[in-house]
Amino acid sequence: MKYFSFLLLCAFTLLGCAEKNEFVLSFASCNNQNVQNNLWEPILSHHPDLFIWGGDIIYSDTEDMKYMTKNYAKMKSDSSYINFTKKVPILGTWDDHDYGLNDGGANYKQKDSVQQIFLDFFDIPLDDPRRIQKGIYFAKEIEVKDASIKIIILDTRFFRSDLSKDPTGIKRYIPNDSDSITMLGASQWQWLEKELSDSKAQFNVIMSSIQLLSYEHGFESWGTMPQEVKKMEDILSKSKARGIIFLSGDRHIAEISSKNVEGLDFPLIDMTSSGMTHSYDSFKGEPNPYRVTEVVPYKNFGILKFDFDKNQVTMEIRGEENVLYQSIEQKY
């Protein structure tokens, strides 16, 4: 796929010249490279201007980098995915299974090596700053007629401190509010604050991989570090960045959460889409005080339709055969 970098450049150039004053973003996560993915065609039916991987592009928990490379190569050579990449620009982050360690963080020994494999998957040039920085965080502002949308890709793995296990065994993890632990690491936090403060975009979309708002389930989430959630909310409020929307994956379910945050004149939304090839079919329920839609425990993808004239976003959770499960509209 030597043509991919050229196509991606051309596609973003075309976006900058687009006549329409709207933008369609698609995203999804949790894709097992050994299982057929039936969602590429339904996603294409929406003619997305961009697709964002929310993590778990492949499943490859290993410290063997030859095996890791093989699994990324298998995904990259999938005919349906190749067809998709010819038509849609793609950005993305990783989560634990394409990072290489289940629930892994800064303690993963092969993180520097797998970062290069991950960047190879996206055909990132060798002189790109991400080749030498620690972590895969990245931002890009896309011009859409008279407006713009900024895409911010977070890395919630490379710097993340160890999580605190629940000694009772009732949940997997419990919150730890120590100031000595971190989700993003000092350099990424500093970078994020600048990206938001400098942003002139009408909308700012932040891909997190793990959920920001839902936390009571006891699995991985920002809620395992309450002080980091507070730090994020403070930075968002201080930045005065407009139209901030969080995207997340990881959970093998889909849902939309919304929270009123002091200092923001719009609700902070966290839209979760997870489970492209496998989902939490046996889901029986879990608490989430911020949930504003029903939980979707089926294979799914997310669609966001940005209307720059109305300053409004329509958010949809869809599945196989393009079935619409949940939808909300948010004015900004």
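User: Why does I256 count as buried here?

Analyst: I256 has 0% relative accessibility, so it counts as buried (under 20% relative accessible area; exposed is over 50% and partly exposed lies in between, with a 1.4 Å probe and protein chains only). Keep in mind that this is a predicted model: local features need pLDDT of at least 70 and side-chain atom pairs pLDDT 80 or more, while totals for chains, interfaces and linings use all residues. Residues are numbered from 1 along each chain as its sequence is written, and side-chain values use heavy atoms, without hydrogens and water.

User: Where is I256 found, and what is it in contact with?

Analyst: I256 sits in strand β10, residues 255–259 (strands are DSSP E runs of at least two residues, helices H or I runs of at least four, numbered from the N terminus). Beyond four places in sequence, its contacts (heavy atoms within 4.5 Å) include I269, Y290, V292, M315 and I328. V295 is 39 residues away in sequence, with a C-alpha to C-alpha distance of 8.1 Å.

User: Which residues touch the most other members of the largest nonpolar core?

Analyst: In soluble globular proteins, nonpolar side chains tend to be buried together. Here the largest nonpolar core has 93 residues, and L25, W53 and F306 touch the most other members. Among the residues L25 touches, beyond four places in sequence, are L50, I151, L247 and F306.

User: Is T93 buried or exposed?

Analyst: T93 is buried, because its relative accessibility is 0%. T93 lies in the loop between β3 (90–92) and α5 (96–99), and its side chain reaches the backbone oxygen of L154 at 2.7 Å. Beyond four places in sequence, T93 touches W53, F118, D155 and S209, among others.

Key: A nonpolar core is a set of buried Ala, Val, Leu, Ile, Met, Phe, Trp, Tyr and Cys residues joined through side-chain atoms within 4.5 Å. A polar contact is a pair of N or O atoms within 3.5 Å; within protein, one must be able to donate a hydrogen and the other to accept it, and residues adjacent in sequence count only if both atoms are side-chain atoms.
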